[in-house]
Amino acid sequence: MKSKLTITIDSELIPAARRYAHSKGVSLSAVIEQALREATREAGASFAEKWRGAFKLDPEDYPTDDPRFDYLARKYLR
């Protein structure tokens, strides 16, 4: 369900925002809604979720006999 919302934006930004929305073929409301969806989706992810899979292991660089490393690698890197 959609609801009306009143927001305050710098008057110099409004024409540029309208041009941007027009160039994308959507309404200004749709542009703002999408930006808010992306912002809230990012804020909802935990630190580990944001970084999971971002780093790759080179097995030669890490000890294989360290149980703490093995635990953390299983938890955060796979």
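This briefing covers the fold, the surface and the largest pocket of the structure above. The model is predicted. The protein has four helices and zero strands, and 3% of its 78 residues count as buried. The largest pocket has a volume of about 510 Å³.

**Fold and surface**

- Along the sequence, the elements follow the pattern α-α-α-α.
- The accessible surface of the protein is about 7400 Å². Carbon and sulfur atoms account for 56% of that surface.

**Largest pocket**

- The lining of the largest pocket consists of 16 residues. Nearest the pocket centre lie Leu-5, Ile-7, Ser-29, Ile-32 and Glu-33.
- Both α1 (13–24) and α2 (28–44) supply at least two residues of this lining.
- The largest share comes from α2, which gives seven residues.
- By class, the lining holds nine nonpolar, five charged and two polar residues.

**Nonpolar patch and Ile-7**

- Leu-5, Ile-7, Ile-9 and Leu-13 make a nonpolar surface patch of about 380 Å².
- Leu-5 and Ile-7 belong to this patch and are also among the lining residues nearest the centre of the largest pocket.
- Ile-7 is located in the segment before α1.
- Ile-7 counts as partly exposed because its relative accessibility is 45%, and that class lies between the buried limit of under 20% and the exposed limit of over 50%.

Key
Residues are numbered from 1 along each chain as its sequence is written. This is a predicted model: local features need pLDDT of at least 70, side-chain atom pairs count only at pLDDT 80 or more; totals for chains, interfaces and linings use all residues. Side-chain values use heavy atoms; hydrogens and water are left out. Buried means under 20% relative accessible area, exposed over 50%, partly exposed in between (1.4 Å probe, protein chains only). Accessible areas come from the Shrake-Rupley method with a 1.4 Å probe; for residues, only the protein chains shown count as cover. On a 1 Å grid over the protein atoms alone, a cavity is a set of points where a 1.4 Å probe fits but cannot get out, and a pocket is an open set with protein on both sides within 12 Å along at least five of seven lines; lining residues have an atom within 4 Å of a point. Grid points are joined across faces, edges and corners, and a volume is the space filled by probe spheres set on the points. Ala, Val, Leu, Ile, Met, Phe, Trp, Tyr, Cys and Pro count as nonpolar, Asp, Glu, Lys and Arg as charged, and the others, Gly among them, as polar. Patches are made of residues with over 30% relative accessible area and no salt bridge: like charges are joined within 9 Å, nonpolar side chains (Val, Leu, Ile, Met, Phe, Trp, Tyr) within 5 Å. A salt bridge is a side-chain nitrogen of Lys or Arg within 4 Å of a carboxyl oxygen of Asp or Glu.
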